[in-house]
Amino acid sequence: MSDRRRLTLTRRRALGLTAGLGLGSLAPSFAFGASPAPGPQYPKGQRPRLLNVLTEDSLSPAERTLATTLQGLMARRGGESLYLNIPSLGYQFWLDDLVSRYGVRTRTGDLWKTVSRSGVDGYVLFRTGTPSVNVATTLAGLTGAVAIEESLEALAIQHGLRKVLDVRDKDDRWVVDNYWPRLRHDVAVEQRADWPERLRDYVTMAGTLAFFDGNSDFRASVVNALDDDATVIGWGDASNGEDAFIGVNSTAGVKALPADHARNLSVLSGIREDRLSQRGGGGGRAPEPDPNAHYVTFLITDGDNIQWMLGDFPTDKRWFGSPRRGEIDLGWGISPSLIDLAPSVMRWYYDQSRKDRWVVGPSGGGYMYPSRYPTAALEKHTASLARSMGGADLSVAQIIDFNSFENMGLWSSYLKRPEIDGLIYLEYSRYDGLKGKVVWSEGKPVISARTMLWDGLDGADEASVTAELNAATRNPHSTAGYSVVVWHAWSKSVDNVLAVVDGLAPHVKVVPPDTLVKMVGKYAKP
């Protein structure tokens, strides 16, 4: 971190709050204020052996905050921990998979009995409806104490806990002023104070800052104080468009992982998978082309969204839960961070794939605009991205940016990495604004979307997309002989894609996205 960034935040001597608390293995095991040693790119919990399973809707909001900060502390040492289940979403799948594949045992949880067994003996007091919930979540990670809402304080005392801090009148600025040197600078969590459980286990486990302050100068100062290519996990204030905060992040050399609704990351990150392999479809190779064909791939948007992958993405019939999935080759986006944050989840998706192939969501290791990233941060980003892509059997990345398609220096940073075969470029507005144009860097293609399925936009309905593909060039030795169609995750579905495919002429061939990139690179190179 440069001196300029250091000066954006007040530095005060951190208070030694863990002294004498008897926290043992629940205390942080890493050096605060430092980047992690080589290895996993994100903080990880220890492997769980026994999970006390609590159904989330059986807990009050105050109990959820207690449960998740306890979960984060227990995940530091592994063995016994907690799991907050939502049976209607993917969290039931991940729990079942932990049991069947990894041998994790479960039992019906009792929150206060788990508190008593945990070895935690302190609490940080906060008040609902104030920023103090983020303060308490952050300081739970520093002190090894759980976060207790004031309505639960009497119960906490009855169960032998003692007050370590009362932060009911504190906010995120106070935390930064007093504790910044002791917090991680490679990861921060952006989370609204009105969500009592989401991401809080990970904040506490990782010993990082939880904050939310809209698009203020304070927020910008926090982002600027982070390491080059650090990650803000969560989501900012998108009331004026997501570029309002993603742009600030990018200029600071910081990426975002949309995850503000995520649960159980402290537990899921405790699984280790060094290398995973895709199984679906025929991707990863360039078959001999039909000289009279036009080749197309269909690729969903928003693949950087971790909370979606953990939540309703695998269950909803619009997406991976579609009963018609497997009828055609489909492209899905995924965050390579899952190899650290939830490797069992990534493996589950690969194992469940039929004719499904996965590419990296925007814009690599996280959502950012490469054209605004400082050069050194971009080099660090693409080096880390290449390592994680190699471990996750991914070879293609999506990019979202503004008017940067022909900036070869940006794409060289990605494509000089042998793990990356090509890029799929989406112009911020609209994604298909470059109509299939291709540029080359390091001898590899950067392919723009030719068209898209998106409700309410001109030319993005099923009939228009079908007609455009049927009329497209038939020549696999020209870049015009290939099309990337992106389909909008929030307004279209697998059924909408299949409606297009049902109307395609016989000469239009559907292939996975990594196959299309390989074919362009092999057969359409100028």
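Is Asp302 buried, partly exposed or exposed? In this predicted model, Asp302 is partly exposed, because its relative accessible area is 22%, and a residue counts as buried only under 20%. Asp302 is placed in the loop between E11 and helix H12 (306-310). Its phi is positive, at about 65°, although Asp302 is not a glycine. A positive phi is also found at Glu442, where the value is about 55° and the residue is again not a glycine. Glu442 belongs to the loop between E16 and strand E17 (444-448). With a relative accessible area of 47%, Glu442 is partly exposed.

The mean pLDDT of the protein is 93, and 93% of its residues reach 70 or more. Over residues 1-25, however, the pLDDT is below 50, and this stretch has 55 contacts in the model beyond near neighbours in sequence. The pLDDT is also below 50 over residues 29-37, a stretch with 20 contacts beyond near neighbours in sequence.

Strand E11 covers residues 294-300. Seven of its seven residues are buried, so E11 is largely enclosed by the rest of the structure. His294, Val296, Phe298 and Ile300 point one way from the strand, while Tyr295, Thr297 and Leu299 point the other way. E11 pairs with strand E19 (residues 482-487) in the parallel sense, over six bridges. E11 is also joined to strand E20 (residues 508-510) by three bridges, and these two strands run parallel. Val296 takes part in both pairings: it stands opposite Ser483 in E19, and its bridge partner in E20 is Val510.

His294 lies in E11 and has a relative accessible area of 0%, so it counts as buried. The side chains of His294 and Ser483 are joined by a polar contact of 2.7 Å. Beyond its neighbours within four places in sequence, His294 is in contact with residues including Arg450, Leu469, Ala472, Tyr482, His507 and Val508.

Helix H9 (residues 217-225) is another enclosed element. Seven of its nine residues are buried, so H9 is largely enclosed by the rest of the structure. The buried residues are Phe218, Arg219, Ser221, Val222, Val223, Asn224 and Ala225. At the start of H9, a side-chain oxygen of Ser216 comes to within 3.3 Å of the backbone nitrogen of Phe218.

A search of the whole structure finds 33 aromatic pairs. Among them, Tyr349 and Trp358 have ring centres 5.4 Å apart and ring planes at 55°, so this pair is tilted. Tyr349 is buried, with a relative accessible area of 0%, and Trp358 counts as buried at 1%. The rings of Tyr369 and Phe402 have their centres 5.0 Å apart and their planes at 85°; the pair is therefore edge-to-face, since an angle over 60 degrees is counted in that way. Tyr369 and Phe402 link distant parts of the chain, 33 residues apart. Tyr369 is in the loop between E13 and H15, whereas Phe402 is in the loop between strand E14 (396-401) and helix H16 (408-415).

Arg372 lies over the face of Phe402, at 4.7 Å from the ring centre. A further arrangement of this kind involves Arg325, whose charged end sits over the ring of Phe320, 3.6 Å from its centre.

One joins Pro362 and Ser363, with omega at about -15°. Ser363 lies in the loop between strand E13 (356-360) and helix H15 (375-391), and Tyr369 is likewise in the loop between E13 and H15. The other cis peptide bond joins Ser429 and Arg430, with omega at about -5°. Arg430 is located in the loop between strand E15 (422-427) and strand E16 (438-441).

Key: Residues are numbered from 1 along each chain as its sequence is written. This is a predicted model: local features need pLDDT of at least 70, side-chain atom pairs count only at pLDDT 80 or more; totals for chains, interfaces and linings use all residues. Side-chain values use heavy atoms; hydrogens and water are left out. Helices (H or I, at least four residues) and strands (E, at least two) are DSSP runs, numbered from the N terminus. Buried means under 20% relative accessible area, exposed over 50%, partly exposed in between (1.4 Å probe, protein chains only). A polar contact is a pair of N or O atoms within 3.5 Å; within protein, one must be able to donate a hydrogen and the other to accept it, and residues adjacent in sequence count only if both atoms are side-chain atoms. Contact means heavy atoms within 4.5 Å. pLDDT is the predictor's confidence in each residue, from 0 to 100. Two strands pair if DSSP finds at least two bridges between them. Rings of Phe, Tyr and Trp (its six-membered ring) pair if their centres lie within 6.5 Å; planes under 30 degrees apart count as stacked, over 60 as edge-to-face and the rest as tilted. A charge sits over a ring if NZ of Lys or CZ of Arg is within 6 Å of the ring centre and within 35 degrees of the ring normal.
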